Amino acid sequence: MQKILRRVRISVSVSVLITMLAGLAITALCYVSARQIEAESARLLFQHDASVRSAALMSGLNNAVEQLKVLNQLFRSIDPISREQFRSFSAPLLQRYPEIQAFSYRRVLDHADRAGYEHAMRQAHPAFMIAQGDDDGNNSQPVPQRDSYNVIDYVEPLHGNAQLLGLDTSNSPGQQVARIASRDSGQPTATELLTLTQYPGRQTGFLVLAPVYRAGMALDTPEQRQRAVIGETAATFRITHLIATILGNARLLDSGHAGIEVFAGAQGETLVYRHDAAPTNRALPAWMQAAHGQPTLSSFSLAGQPWRVRITPAHALWNDHQGSLYVLLGGLLSTLLAVAYVYQLVSRNSVIERITGERTAALQFANLRLSEDIAARLQNEKSLRLRERIIEVSANAIVICSAEAPGYLVEYVNPAFERITGYPAQDVVGKPLASLQGNIPEQPNMDQLQTAIREQREGKAILRYCRKDGEVYWSETFVAPVRGQAGDDGAVPISHFVLAQYDISAVMRFEAELAFQARHDILTGLANRRLLRERLEHEMAVAQRSGLPLWVVFIDLDRFKFVNDTLGHDAGDTLLKGVAERLLGATREVDTVARLGGDEFVLLLPQHGNGDPGMAILQRILDAVAQPMQLGEYEFFLSCSMGVAVYPDDGGSAEMLIKHADIAMYRAKEQGRGHWQFYASNMNADTLQRLSLESELRHALEREQFHLEYQPQLDLASGQVVGMEALLRWRHPQLGLISPASFIGMAEEMGLIIPIGEWVLRTACAQARAWQLAGHTHLRVAVNLSARQFKQRNLLHAVAAVLTETGLDAHYLELELTESMVMHDVEQATAIMGNLKALGVQLSIDDFGTGYSSLAYLRHFPIDVLKIDRSFVNDITHSSDDAAIVCAIISLAHNLRLKVIAEGVETTAQLDFLREHGCDQMQGYLYSRPLAAPAFEALLLQGARLAA
Ligand SMILES: Nc1nc2c(ncn2[C@@H]2O[C@@H]3COP(=O)(O)O[C@H]4[C@@H](O)[C@H](n5cnc6c(=O)[nH]c(N)nc65)O[C@@H]4COP(=O)(O)O[C@H]3[C@H]2O)c(=O)[nH]1
């Protein structure tokens, strides 16, 4: 409040000050203007007055002189003029012009005429004499004798001037100059200022003299006028009287507007009259009484004497400045009133302005708040609309239900809910929340949601729901309470619950898929090792409780590797899936069919009582697998080997049971294709031996446990040894000589075949070259290549390097390939073979007839030799089929310009057959078993030929 009042005071003071200054300024302006107008008016008035006075004075004086002329004219007209005429003529003039004191006539009198004149005059005036005046103006002294006299003869009015009669003025210095001047000029001439002694107070005055000439005389020159002069008329003026009379008659002395000063004398320097203007008023300040205008000085000549009149402006009087003073007073008064008014107004306005300002500020603030509120509300509405829109367009189902209505009635569902569930909003709105659940019997997680709602907190649960079309889907449902308005007690009650359902069916499916994959074989859909273990443990527990046995069957497909290597993985996969189906088809529901990987399958066959259903199942499996299977354009005949371990006799753990079943399976395999074998405790040792064999194979090469044996190959026509097949041998320190059939596959699986094969190639080539150098110049060496070697990238390089290294001509090296190697990828195989052929190497197809026997492809392969598998050779003498096949192979080979070599020839009958049917070469026990190098060399040296 103090602040406000201070501000108001400042504002009022400023306004009042401004108003006051403005008022004073205007007042001063008006006053000055009025003053100027007044001064100008007074100045003009003064100038007018001054000119009027000067003119009046000059006119009056001249007019008086003019009267003398009039009187003088009388003397010119009438000669002589009697005293009586003089009186009667001058009397009215004097009366009309009271400023003229007297008229007189001075007669020029020669001395000769003095006595007569005096005498005559004494007639009327006894004491008359021509006298001269004293200082007092008395003419009591007779004039001494002079040549002539200038005697006052007539004077009017006589009263008061009678003593002047007879006065000789010829000697008056004050008059003599004027007399001579008037006489000579003929014009009235004024004397210097004189002291008029005849009047009381010795007043200052002057005379105007006008010459009277004798009538008829020439007056053209001053001399003529001197001679003609007979007297003079004179008018006497008392200056004060004269001027006062003139001005008085003109009523110019009444106002005090101007002071008048009249100067006369020889130089016009003597102040002869003064009339002051109005006196100053001491009550008024000097600046208010300042005279308007400058004194005027006018000069004129009166009868030859210089006169000056100075008119002085009067001091300003109250009346002269009445207007400006009124203006001043009025202005000051108005200023005061205006100040008072403004003070009032500004005080009130300031307060009003302040109040208005405060209220305006308050209003503006309120407006601002209102604008902000509106903006906030708009923003809120926008946000709400956005949220509404988000809820509307949400991909997830959103349900809003009342927290107050019993049963939590549904109040809103979004379009996503309708889309996901298939229920339109009108079907669910107004219904209890529980109705959304559908007819799902088991909802173990529902408790979590219900508890959250009951406790009015957030919660979530994964639930299943039923769509309108009956499809069940998974949903992760979140529930959150929505708080309403705060009550009087400050508590904020829950008004609604929002449920957001995220359709996680896909996730659940994916999880189920993952879970399935975690326990199942992806390719076949069978149980995998993990699930097998779980099931096995479960079944073991069941078996333990029931006391009934459980069979664990390990199945390995025969020849699967061949299919996989020759037709590729896709074909292998197809085969595995087909086998899986057959296994499932051959087993019961209670059984478990699992795939461990590759072509290994495991069955769990729980047994019920003494019926040994397992045996039937085993047989069914054998039969099912043995069914021909179509793989593309090829029809395959599969078989499998099975090993069975029985719980609890063959093992107390899952691992043990599977391991023993595996061992049994190996045993079955050893028996040939399509067998099963139950586990026996002694099998374990064999398996352990195999494992140790694998371990020792790794070090066999570096430990130089390998060597080669060479089996001779003979030309059937000449019976001579033309070459040899290098056959690998492993001399185990404990186990002795191990057959390649026992470790080549192992080496291949272990990847050891690459270095081992390279060693074989180098050793064989070196040996062949050595024997060539020893004289067996055309000896050819055949080396087996494994499938892995054949696909080895640097095969070509390795072969070339070995040939270079050993110096063996490529032509003497024959690489034995198998059908499965070249048929797996015909194009690639053709390319590899082409490169090998380019080196000059011979190529042969080993074991021909056991695999595809796709003769059509042979045309495309750059091979040189076909080797008929010994299984055919073995039976050619017993089996017409085999014999026919061998004949067909020989014929075909020859058609393709290939040589044919039969291996495994053991009997002469076989030899004969082969010879008979045109087989080119042979190898077999009939001639020689594979021999170590020294023995082979000895054989060569022996030079034994094949019997004819
Ligand atoms: N019953 C009988 N058998 C006969 C007769 N004549 C030869 N054999 C045997 O038949 C096999 C011929 O070799 P293969 O077909 O290439 O079959 C070979 C070959 O596939 C493989 N193999 C041998 N050495 C190597 C090698 O250095 N590298 C590769 N990759 N495989 C080899 O091992 C297989 C078996 O070789 P081996 O045990 O040496 O067995 C040899 C040989 O001893 C006979 O009249 N009667």
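**Figure 1. Strands β13 and β17 pair in the antiparallel sense over six bridges.** This is a predicted model: local features need pLDDT of at least 70, side-chain atom pairs count only at pLDDT 80 or more, and totals for chains, interfaces and linings use all residues. Residues are numbered from 1 along each chain as its sequence is written. Strands (E, at least two residues) and helices (H or I, at least four) are DSSP runs, numbered from the N terminus. Two strands pair if DSSP finds at least two bridges between them. Serine 402 stands opposite histidine 496 in β17. β13 also runs antiparallel to β14, joined by three bridges. There, isoleucine 400 faces tyrosine 412 of β14 across the pairing, standing opposite it. β13 spans residues 397-402. Its covered face holds Ala397, Val399 and Cys401. Its uncovered face holds Ile398, Ile400 and Ser402. In a regular strand the side chains alternate between the two faces of the sheet.

**Figure 2. Five strands form an open antiparallel sheet in the order β14-β13-β17-β16-β15.** β14 (410-413) and β15 (459-466) stand at the edges. Each has a single partner strand, so one side of each is left without a neighbour in the sheet. The twist averages 25 degrees from one strand to the next. Angles run from 0 to 180 degrees between N-to-C directions, and axes are lines fitted to C-alpha atoms, for helices over the stretch in contact. Eight bridges link β15 to β16 (residues 472-483) in the antiparallel sense. Isoleucine 462 stands opposite glutamate 476 in β16. Helix α10 (residues 446-454) packs on the sheet and touches β15, β16 and β17 (494-503). The direction of α10 makes about 125 degrees with that of β15.

Figure 3. Tyrosine 408 lies in the loop between β13 and β14. Glutamine 456 lies in the loop between α10 and β15. Burial is scored by counting other C-beta atoms, placed from the backbone, within 10 Å of a residue's own: 20 or more is buried, 12 or fewer is exposed, and in between is partly exposed. Tyrosine 408 is buried, with 20 such atoms within 10 Å. Glutamine 456 is exposed, with 12 within 10 Å.

**Figure 4. An open sheet of five strands runs in the order β19-β20-β18-β23-β24, with mixed pairing.** The edge strands are β19 (592-597) and β24 (676-678). Each has a single partner strand, so one side of each lacks a neighbour in the sheet. From one strand to the next, the twist averages 20 degrees. β18 (residues 550-558) and β23 (residues 639-647) pair in the antiparallel sense over nine bridges. Tryptophan 551 stands opposite valine 646 in β23. Helix α12 (residues 529-546) packs on this sheet, touching β18, β19, β20 (600-606) and β23. Its direction makes about 20 degrees with that of β20.

**Figure 5. Lysine 669 sits in helix α16 (residues 654-670).** Lysine 669 counts as partly exposed, with 18 C-beta neighbours inside 10 Å. Leaving out residues up to four places away in sequence, lysine 669 touches Asp556 and Ser641. Two residues are in contact if their C-beta atoms, placed from the backbone, lie within 7 Å. Aspartate 558 is 111 residues from lysine 669 along the chain, yet their C-alpha atoms are separated by 8.1 Å.

Figure 6. Proline 157 is in the loop between β4 (148-156) and α4 (173-185). Proline 648 is in the loop between β23 and α16.

**Figure 7. 22 residues surround the ligand.** The closest are Leu728, Pro740, Asn784, Gly924 and Tyr925. Elements giving two or more residues to the shell are β26 (721-732), α18 (740-750), α19 and β30 (842-848). The largest share, three residues, comes from α18. By class, the shell has nine nonpolar, eight polar and five charged residues. Ala, Val, Leu, Ile, Met, Phe, Trp, Tyr, Cys and Pro count as nonpolar, Asp, Glu, Lys and Arg as charged, and the others, Gly among them, as polar.

Note on methods: A residue is near a molecule or strand if its C-beta atom, placed from the backbone, lies within 6 Å of it.
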